Amino acid sequence: MSGILNSEMSSEREEQIDNLKRLWSRFTANTLTVVGTLIVVSVIFAAIFAPYIAPYPQHAEGGVGSVDNDNRLAEPSTEHLMGTDDSGRDIFSRVLYGARISLQMMTIALTLSISVGGTLGLVAGMKGGITKVIIMRTADTFMSIPALVLAMVVAGLLEPNLYISMVAVSVYWWTLYCRLVQGEVNSIKEEEFVEADRALGSPWYNTAVKEILPNIITPVLVKATIDAGFIILLAAGLGFLGLGTQPPTPDWGVMVAQGRDFVLTSWWVSTLPGLAIAYTVYGFNLLGDGLRDVFDVEVDVNE
Amino acid sequence: MASYKKFVLLRIPQVVLTLVGLSILIFTLVRFIPSDPARTAIGPGASEEVYQEYREELRLDEPLHMQYIGFVQDIFNGSLGESTRTGNDVAVDIIEKLPATLELIALGFTVAVLLGIPFGIVAGLNKDRLPDHFSRFVALSGIAFPRFWLAITFQVVLVSWLGLFPLTGRISGAAPAHVTGFYTIDSLIAGNFDKFTDAVWHLILPATALGFSTFSQVTRLVRSEMIEISRADYIMTGRSQGIPEWMIAYKYMLKNAFSSTLTVLGFRIGGMLSGATFVELIFNIDGIGRYTLASIVRLDYNAIVGVVLVLGVTYLISSAIVDMLYGYLDPRIRLEA
């Protein structure tokens, strides 16, 4: 008896391992996915180890020696890889620290959007009826304002800073997860294992947490990976317009904006920090696309 | 045809409902913030009388729902309330600023379509070969590079280094006599062809910076459309009957490419309207994007509500039109609605 059970269990485990192996080989088969992963890992690395890699950490951290007036607007050189800005600060060091701001902002905004939007989408999908109509119509209303404009209004009316810009982004972004989760719930609600749970008399929220939630985590995570790039773009945009993170915080968008006055004389001040944004967005997009193929899920891409 | 009528009739109340929701949302949003709009508008040091006048004008002493009713009544009278920043009616301001932005968007879309369709077709017909990889890389760049970065980099490379385009502005010298507000059209009406080319010349860089992300989406969509269609039965049949490849591409594929482009344009209009803020700021164009930004920075309440409402209406109407066109072109969509 126990022998049969054991062999069954081990074959189940083997199957799981096989499954993981298959996913892994599908993941690594695509060069672009691997490139995306490397990019994302390098950005995370830069964010964590910025104080150790940055040649002039004091230029990003503020405090004593945060400006160097003898070295204003120095061209890129071996000493200053990306040159210096109008306060003589090393742009490369500030770009490295900027990864911290971007990743932090993106993680919190995504967490907010997923928890609010996901919960509402789950409720809408499970309850149906008038609840669903109200929730989904509200989401439609928020979506009818362009993401940037809604974020600008919210940030501008409150107080432009790093934390408010996370909220401002989420005020638009929750709608996307509300829609996604609601759609997913709809498509699996009629499946037998869900019906069975309901027939056993579980209340809807129990069914939602026990049976539905595990099945919608994958598409949500895939979409979150793709969205990470777009949220970083949006936040950088807010920073650029002066409605996000405020100087002297080394935010990528803010840094691009600061170089605008020197476009004709010192090209590096604006353009090089902007490359960091593009690099990061490339990374998350490639990684997200790859995950989408590996897990074979369909998610909309919104910008 | 009856089902199409039904499809359209179902869509209209949806749009109206969302519009009402939108007006309530933005109206309450603006009123729920910590600072005093009248105080902000008049600035410090103004007399108590002026302050009270402003409060009355903004209806701030009335209950919220009365404020909203007054606001809706004003809309039906063609007014969006006075801007505390410019002193004009917001509706008048918006009508004045809109042409510059629409001109940008129109040319931006043109650039996106003219580049995106050929890129998408070449990529789709060469799936997983070099042209495909190349155009996918370019398409991804359109998403990854922020518009404000593109605009500034254009200024650095094409203006500062190569001197090919004007740095900022909409036109050199005086604007053409005002008819529509579109400098390109007005200059043609005035019969001044030099002014026309000059206006177009000024538009190229900002429009390309604005349209680049739309270009990449057109490319993506046309590419996947091409791949899907080239596997379709009727294309196979056509091939087996010996219809030349260029004719297949031209007759069947291009048609589909256009209809998918249509959807992209519908979805992108919101992104283009808001993205114009960056481009207008960087190229010093006095359009609706800069107006929005200035209104927000100066907490100009009526202007914020008005602008958001106009942007929302534009987005809702354009996506409804695209839906309807699409439903007309493809009967299957109607059944899903």
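Read along the sequence, chain B runs α-α-α-α-α-α-α-α-α-α-α-α-α-α, which comes to 14 helices and zero strands. Helices here are DSSP runs of H or I with at least four residues, strands are E runs of at least two, and both are numbered from the N terminus. Chain A follows the pattern α-α-α-α-α-α-α-α-α-α-α, with 11 helices and zero strands. Along the principal axes, the C-alpha atoms of chain B fill a box of roughly 85 × 55 × 40 Å, and those of chain A one of roughly 80 × 50 × 30 Å.

A word on the ground rules: this is a predicted model, in which local features need pLDDT of at least 70 and side-chain atom pairs count only at pLDDT 80 or more, while totals for chains, interfaces and linings use all residues. Residues are numbered from 1 along each chain as its sequence is written, chains are lettered from A and ligands numbered from 1 in the order in which they are written, and side-chain values use heavy atoms, with hydrogens and water left out.

Now for a helix pair. Two packed helices are described by the angle between their axes and the distance between the axes. In chain B, helix 7 (residues 147-161) packs against helix 9 (residues 193-229) at about 140°, with the axes 9 Å apart. Axes are lines fitted to C-alpha atoms, for helices over the stretch in contact, and angles run from 0 to 180 degrees between N-to-C directions. On the helix 7 side of chain B, the residues in contact include Phe154(B) and Leu158(B), and on the helix 9 side they include Leu205(B) and Phe212(B); contact means heavy atoms within 4.5 Å. By class, this contact has nine nonpolar, two polar and one charged residues. Ala, Val, Leu, Ile, Met, Phe, Trp, Tyr, Cys and Pro count as nonpolar, Asp, Glu, Lys and Arg as charged, and the others, Gly among them, as polar.

Aromatic rings get their own search, which turns up 22 aromatic pairs over all chains. Rings of Phe, Tyr and Trp (its six-membered ring) pair if their centres lie within 6.5 Å; planes under 30 degrees apart count as stacked, over 60 as edge-to-face and the rest as tilted. The rings of Tyr282(A) and Phe137(B) have centres 5.7 Å apart and planes at 10°, so this pair is stacked. Tyr282(A) sits in helix 11 (residues 268-295) of chain A and Phe137(B) in helix 6 (residues 130-144) of chain B, so the pair joins two chains.

Most residues other than glycine have a negative phi, and most peptide bonds are trans. Leu73(A), though, has a positive phi near 50° without being glycine; Leu73(A) is placed in the loop between helix 3 (58-61) and helix 4 of chain A. The peptide bond from Pro247(A) to Pro248(A) is cis, with omega near 10°, and Pro248(A) lies in the loop between helix 9 and helix 10 (252-258) of chain A.
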